[in-house]
Amino acid sequence: AQLRYSVPEDREPGSSVGDLAKDLGVEVRSLATRNLRLVSEGGQRHFQVDLAAGVLLLDSRLDREALCGQSPTCSLHLQLVMENPLQLHRVEVDVLDVNDNAPQFPKPEVVLEITEVANPGTRLPLEVAEDPDMGSNSISTYELSPSKHFALSINVRGDGVKMPEIVLEKALDREKVAVHHLTLTALDGGNPVKSGTARVIIHVLDANDNPPVCDPPISKVHLEENVPVGTLVTKLNVTDLDEGPNGDVEYSFKISNNAPGKFTKLFSLDPRTGEIRTKAPLDYEESSAYEIAVRARDKGSPAMEGHCHLRVELIDINDNSPKIVLTSLSSPVQEDATPGTVIALIGVKDSDSGDNGQVRLQVAKELPFKLVSSFKEHFSLVTNGPLDREKASGYNITVRAVDLGSPQKAAQKTFYLQIADVNDNAPNFSSPFDTAHIQENSLPGTSVFSASASDPDEGSNAKLSYSILDNGMQDVPISTYFRIDQDNGTIYTVRALDYEQDKVFQVPVEVKDAGSPALSSTTVVHVFVLDENDNAPTIVYPSVPKGSAFHQTVPMLVEPGYLVTKVVAVDADSGHNAWLSYHLQETTEALPFQVERRSGEIRVAQALRESEDSHRLVVEVRDNGTPSLSSSVVIVISPEENSVQDFAESLDIPRSSPKDTNLTLYLIISLVSISLVSCVVFAVVVARC
């Protein structure tokens with residue numbers, strides 16, 4: 001927004017200039033909380049803000065003439081910056097002129113000379129009075145004290161300045177009056193009217209009766225501001241109808257009131273030729289035009305003079321680069337800032353005029369920002385798209401200003417904008433499923449697996465904590481089997497695991513960040529329990545109490561290979577730990593029986609003798625684990641003549657041959673292989689699901 005106030009230059013410090021709170025439409029009590037502050041564009045402090053009352057106050061007495069000189073308008077530009085949200089308001093204060101200066105002539109006494117042969121209508125130029133006030137308070141008119149011979153004429157110059165001249169109305173007679181004393185009064189248009197006077201002394205002389213004449217009396221020249229020193233501006237065309245010394249003209253500068261002596265530092269005048277040249281660099285931005293008054297005086301006695309007025313108007317050249325001013329910057333900015341969020345307030349200035357002073361501001365198109373014009377020469381840098389700190393934690397923003405001059409001039413300013421993190425990324429495991437293995441009977445506290453997740457956020461938004469979820473997939477809560485270190489995600493056993501009871505566990509692990517709100521993700525760790533040989537074989541047939549023996553009879557007349565009985569055992573372990581083999585314990589005497597190593601069948605190895613007694617066999621069943629575990633059974637075989645029943649026939653078991661024994665071994669190997677393949681396939685399917 002832009003506010004405009006006006007204040008007379010004679011106001012006392014502390015006077016109210018305007019009601020900021022009312023004009024800005026904000027409550028007075030919010031000004032302090034929004035950190036309202038005043039920024040003066042000129043660098044000088046003339047105003048202050050009363051935050052308690054919400055008004056703009058005058059900080060020091062203003063002097064319009066000191067601030068703006070002869071400028072027709074006098075404005076002071078201020079900037080009001082408020083935060084939460086960030087806003088910039090421009091305040092323009094017009095300083096109104098007060099008639100506080102009286103007109104004043106450069107000299108209190110003016111001495112003029114005029115020949116007595118001067119014709120009525122002859123004009124004698126007078127010094128222009130000075131009045132620093134402007135407008136109606138500046139010089140309004142001139143008055144001359146009553147005279148029989150002279151009258152006052154006022155001409156208006158091209159720039160509006162009133163030029164007083166004394167006009168001869170009646171022929172002079174030096175013998176009657178040699179000196180005329182007049183009073184010239186300058187009046188301004190203020191209320192009340194102020195005035196200044198100068199004494200005019202006119203000496204009536206004889207002889208030289210033709211003054212130098214400038215043709216034209218008022219001229220204008222256009223000159224580029226960057227011309228080299230010594231460039232010819234113009235050559236004055238002055239004629240004097242007299243001859244000899246009375247027609248020999250010398251030129252000199254005449255100090256003007258609108259730029260007292262200033263142009264003499266920039267221009268030189270040849271007193272003989274009337275050529276005006278530059279003698280210092282000209283700057284359009286310092287002054288766009290110069291009024292030069294030249295006095296042309298002949299060498300007659302008395303000398304006569306004429307006056308030439310030259311206006312030099314400078315043509316602006318694009319010799320100033322734009323200047324970029326970073327008024328305010330909000331850094332860091334949240335990465336979830338909505339498009340249109342104000343990031344910075346930027347001002348741009350170019351001292352040139354016209355197209356040379358018109359500036360375009362731009363930022364790189366690939367950046368998620370754009371410039372929005374607030375008002376003249378002020379821009380807001382706003383977001384133009386989504387921000388993502390994980391892709392870019394900050395931006396080096398280069399603002400480039402280019403004017404419309406020819407050739408163009410440019411300037412740029414680079415500043416860094418930091419992006420603040422927002423918890424917009426959930427922690428992420430590398431895989432939704434993981435697999436771990438652990439031996440059964442491992443001690444409680446054994447490390448099973450380390451779950452690891454990553455979070456691209458930073459700070460507390462990336463601080464992770466791990467926990468185990470109870471999904472109810474086991475009969476007993478999963479927390480009774482496993483625990484997890486919440487800081488590093490390492491999973492430990494809570495108690496020893498039993499392969500024969502649980503072969504696989506699904507452990508759901510959740511990771512959660514410390515953001516607000518917190519974000520989380522899960523993974524499932526499949527923990528496979530590896531079998532350990534912790535179960536000895538169990539003999540299921542023959543079933544006898546511990547410490548007892550199993551009695552079996554066999555016919556006396558049997559051939560070798562006769563099936564006497566069969567030992568059947570099982571092992572709760574799996575794999576190699578469950579592969580069983582059957583052995584006869586060695587004795588001191590040779591036994592007529594043998595046991596099949598894989599099937600456990602006890603057969604007659606050699607023919608029995610009629611007088612042979614009972615035989616005591618100790619059959620040991622061993623598994624294939626490391627270390628191997630075993631069980632044994634005692635079988636007492638008694639030969640009998642009347643026992644003719646074949647054990648194989650009584651069990652409906654066909655007699656086995658060595659070929660059948662090999663077939664049984666192959667069948668066991670096939671079944672084990674199929675079981676292992678099935679377990680692997682099952683684990684893969686569970687992991688994918």
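Biologist: What makes up the lining of the second largest pocket, in terms of nonpolar, polar and charged residues?

Modeller: Keep in mind that this is a predicted model. The lining splits into 24 nonpolar, twelve polar and eight charged residues. The pocket has a volume of about 1200 Å³. There are 44 lining residues, and the closest to the pocket centre are Ser574, Gly575, Val672, Ser675 and Leu676.

Biologist: Which element gives the most to that lining?

Modeller: That's α5, with 17 residues. The elements that supply at least two residues each are β33 (433-439), β40 (520-530), β44 (568-570), β45 (580-584) and α5 (658-688). In domain terms, the lining takes at least three residues from each of domain 5 (428-530) and domain 6 (538-640).

Biologist: How do you know that cysteine 214 and cysteine 308 form a disulfide?

Modeller: Their sulfur atoms are 2.1 Å apart. The cut-off is 2.5 Å, so the pair counts as a disulfide. By this rule the count comes to one disulfide. The pair links distant parts of the chain, with cysteine 214 in strand β15 (residues 213-214) and cysteine 308 in strand β23 (residues 305-315), 94 residues apart.

Biologist: Why is the disulfide of cysteine 214 and cysteine 308 called right-handed?

Modeller: Because the torsion about its S-S bond is about 125°.

Biologist: Are those two cysteines buried or exposed, and what makes them so?

Modeller: Buried means under 20% relative accessible area. Cysteine 214 has 9%, so it is buried. Cysteine 308 has 2%, so that residue is buried too.

Biologist: And why is cysteine 679 in no disulfide?

Modeller: The nearest cysteine sulfur, that of cysteine 689, is 16 Å away. A disulfide needs the sulfur atoms within 2.5 Å, so cysteine 679 is left out. Cysteine 689 is in no disulfide either, with the sulfur of cysteine 679 as its nearest, 16 Å away.

Biologist: What makes cysteine 679 and cysteine 689 count as exposed?

Modeller: The label needs over 50% relative accessible area. Cysteine 679 has 52%, so it is exposed. Cysteine 689 has 74%, so the label applies there as well.

Biologist: What makes asparagine 84 worth a flag?

Modeller: Its phi is positive, about 55°, although asparagine 84 is not a glycine. You'll find asparagine 84 in the loop between β6 (75-82) and β7 (87-96). The relative accessibility of asparagine 84 is 63%, over the 50% cut-off, so it counts as exposed.

Biologist: Glutamate 377 also has a positive phi. Why is glutamate 377 called partly exposed?

Modeller: Its phi is near 65°, and glutamate 377 sits in the loop between β28 (369-375) and β29 (378-383). The relative accessible area of glutamate 377 is 30%, which falls between the 20% and 50% cut-offs, so the label is partly exposed.

Biologist: What about glycine 54: buried or exposed?

Modeller: Buried, because its relative accessibility is 0% and the label covers anything under 20%. Glycine 54 is in the loop between β4 (47-50) and β5 (55-58). Glycine 54 and glutamine 585 are 531 residues apart in sequence and 111 Å apart in space, C-alpha to C-alpha.

Biologist: How far apart are the C-alpha centres of domain 3 and domain 6?

Modeller: They lie 143 Å apart. The domain assignment puts domain 3 at 213-315 and domain 6 at 538-640.

Biologist: Last one. Which residues touch the most other members of the largest nonpolar core?

Modeller: Leu112, Ile114, Tyr142, Ile166, Val200 and Ile202, out of 25 residues in that core. The elements giving two or more residues are β8 (109-115), β10 (139-144), β12 (162-168), β13 (179-188) and β14 (195-205). The largest share, four residues, comes from β14.

Terms used: Residues numbered from 1 in each chain as written. Predicted model: local features only at pLDDT ≥ 70, side-chain atom pairs only at ≥ 80, totals over all residues. Heavy atoms only, no water. 1 Å grid on protein atoms, 1.4 Å probe; cavity = no way out; pocket = protein on both sides within 12 Å on 5 of 7 lines; lining within 4 Å. Points joined across faces, edges and corners; volume = space filled by probe spheres on them. Nonpolar A, V, L, I, M, F, W, Y, C, P; charged D, E, K, R; others polar. Domains from an automatic or database assignment. Buried < 20%, exposed > 50% of the residue type's maximum accessible area, 1.4 Å probe, protein only. Core = buried A, V, L, I, M, F, W, Y, C linked by side-chain atoms within 4.5 Å.
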